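Me: I would like to learn how to read a protein model feature by feature. Could you take me through one, with the general idea before each case?

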Amino acid sequence: MEIRVVAGGIQSIEDELIVINLFEGVEKPEGATGAVDQALSGAIRELVADGDFQGKREQVAVLYPRGAIPASRVVVVGLGPRDDFTLDTVRHAAAVAAKKARELGVESFSSIVHGAGSGGFDLAEAAQAVVEGSVLGLYRYQELKNKPPDRPDPEQFTLVQFEESKVPVVERGAELGRIAAEATCLARDLINRPANYATPSDLAELALDIAGEFDTMRCQVLSEEDADELGMGSFLGVAQGSEEPAAFIVMEHNPGRDDLDTVVLVGKGITFDSGGISLKPSQKMDRMRGDMGGAAAVMGAMLAVGQLQIPLHVVGLMPATENLPSGHAYKPGDVIRAMNGKTIEVINTDAEGRLILADPLAYASRFEPKAVIDLATLTGACVVALGQGMAAGAFSTDDGLLARLLAASQATGERIWHMPLYDEYLASLRSMTADLANTGGDRFGGVGVSAMFLKQFAEDYPWTHLDIAGMTFEERPPSPQLPAYLQRGGTGFGVRLLVRFLRDWNEAN
């Protein structure tokens, strides 16, 4: 979808549809909505007075001007209570409006910048949120369907800014929103793709293609033989059960720039997880194609990093493999050795995510990073603790790093929640035959135990682990309480969070 910014009053825009808004409880609209209402001889005030529109969250009214203004249709979208208004409300309202535009079959529509007037938000931030909500709200996974959708997406979206002098500010915010949203859509595609269309080799090829788009980026794909030479026995232990070759993907933005801070992003890339010998129940096993949600988020973030030319040395590490049972598969009771020399007794082959993350966390130390962040669909225990779709669990060894991530979370609406990293969790990882067991002996505290396992490999640098197990796949029925920019399937959670975190890095120093 082409995104434009123009100057003028929304009531003067000639388009198939224009979008304005109203807070709940407002009887007399002001600003841009007031200008449209006046041009329509009080039609919006009449809707409110008759009780047909209250401005509630997700409420939409469609008006037909019949020549009173150049636009063919007017969509009024409710913002809900003013006291609850946030940038995520802006994303939600923009998504609601974009979906309505598609439902009405328009090829082009225009919108005011929600939140930039009486909402009080920074103009660029508000423009970014509107574009993010619009692009993400229109997302559909169509790659493998022969029949096109009944209603195609609009081809053009225009943001309207009243003051011409502020157009460049809106353009800057809109471009940031487009880049972040399209990178998130890439991550959504990867999660939604069947495992036979998103193998480790497919991920590696995509990473090479993305790096090839930018002079500032390079990509190296380590084969199983390369990983073996490096001593990555933990990663390879999981990989040995699959006929699909594993790939250890290393993407670097601004490689060799010693004058820049280094931040390493690590994403779990299990492209299909059967549980291995510790086989999962068959119900919903098809969803396990999304067990590479961490790698998908890192891939999307690296695309955005290249487009934004962020002034950091950013490294993306994506260990990619399947976890399958076979005559070659690792078994409960086996002992494997990670890159840092620590031995691990495999208690449960379905606790494989922490095993494939151990080696990249050890590998990350060679870059002497200022920060390392890993994202992984790691434990069902995190979903039990925080709920499906509520927040990612955040475990950190550095309060400053965590504070930066929490600020990015607040700005993007991608929620994370600080979880404890108690030393006592380590007791659950005792092994009779190795330095560590890969899982605890009971069902209590599983999310903390998994994070403590990873901590044994995240040495000599500030580190935060994000357990995104409950955040990467949306299956809840639609409701006004859920963001309208989410649809059933992959969410791309983490991309916008990481991009905002990296964008803000130098400002926070």
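Me: What should I know about the source before I start?
Reply: This is a predicted model: local features need pLDDT of at least 70, side-chain atom pairs count only at pLDDT 80 or more, and totals for chains, interfaces and linings use all residues. Residues are numbered from 1 along each chain as its sequence is written, and side-chain values use heavy atoms, with hydrogens and water left out.

Me: How do I read aromatic pairs?
Reply: A pair of aromatic rings is described by the distance of the centres and the angle of the planes. Rings of Phe, Tyr and Trp (its six-membered ring) pair if their centres lie within 6.5 Å; planes under 30 degrees apart count as stacked, over 60 as edge-to-face and the rest as tilted. Take phenylalanine 453 and phenylalanine 457: their ring centres are 5.2 Å apart and their planes stand at 45 degrees, so the pair is tilted.

Me: What is the geometry of phenylalanine 501 and tryptophan 505?
Reply: Their ring centres lie 5.7 Å apart with planes at 75 degrees, so this pair is edge-to-face. Phenylalanine 501 is buried at 2%. Tryptophan 505 is buried at 5%. Elsewhere, ring pairs link Phe235, Phe248, Tyr363 and Phe367 into a cluster.

Me: Which charged residues sit over the rings of phenylalanine 457 and tryptophan 505?
Reply: The test is this: NZ of Lys or CZ of Arg is within 6 Å of the ring centre and within 35 degrees of the ring normal. Lysine 342 places its charged end over the ring of phenylalanine 457, 5.9 Å from the centre. Over the face of tryptophan 505 lies arginine 404, at 3.9 Å from the ring centre.

Me: How do I read a pocket?
Reply: Work on a 1 Å grid over the protein atoms alone. A cavity is a set of points where a 1.4 Å probe fits but cannot get out; a pocket is an open set with protein on both sides within 12 Å along at least five of seven lines; lining residues have an atom within 4 Å of a point. Grid points are joined across faces, edges and corners, and a volume is the space filled by probe spheres set on the points. The largest pocket here has a volume of about 1,200 Å³. It has 39 lining residues, and the closest to its centre are Lys280, Thr379, Gly380, Ala381 and Ala469.

Me: Which elements give two or more residues to that lining?
Reply: Helices (H or I, at least four residues) and strands (E, at least two) are DSSP runs, numbered from the N terminus. The contributors are helix H10 (353–363), helix H11 (380–386) and helix H13 (446–455). H11 gives the most, with five residues. Eleven of the eleven residues of H10 are buried, so H10 is largely enclosed by the rest of the structure.

Me: How do I read strand pairing?
Reply: Two strands pair if DSSP finds at least two bridges between them. Strand S1 (residues 2–7) and S6 pair in the parallel sense over six bridges, with valine 6 opposite valine 160 in S6. Strand S5 (residues 108–112) also runs parallel to S6, joined by five bridges. There, isoleucine 112 has valine 160 as its bridge partner. Five of the six residues of S6 (residues 156–161) are buried, so S6 is largely enclosed by the rest of the structure.

Me: What is the strand order in the open sheet with mixed pairing?
Reply: The order is S12-S13-S17. Strand S12 (335–337) and strand S17 (436–437) are the edges, each pairing on one side only. S12 and strand S13 (residues 343–345) run antiparallel, joined by three bridges.

Me: Which residues other than glycine have a positive phi?
Reply: Serine 41 is one, with phi of about 60 degrees. It lies in the loop between H1 and helix H2 (43–49) and is exposed, at 71%. Lysine 284 is another, with phi near 65 degrees. Its place is the loop between strand S10 (269–273) and helix H9 (293–308), and it is partly exposed at 49%.

Note on methods. Buried means under 20% relative accessible area, exposed over 50%, partly exposed in between (1.4 Å probe, protein chains only).
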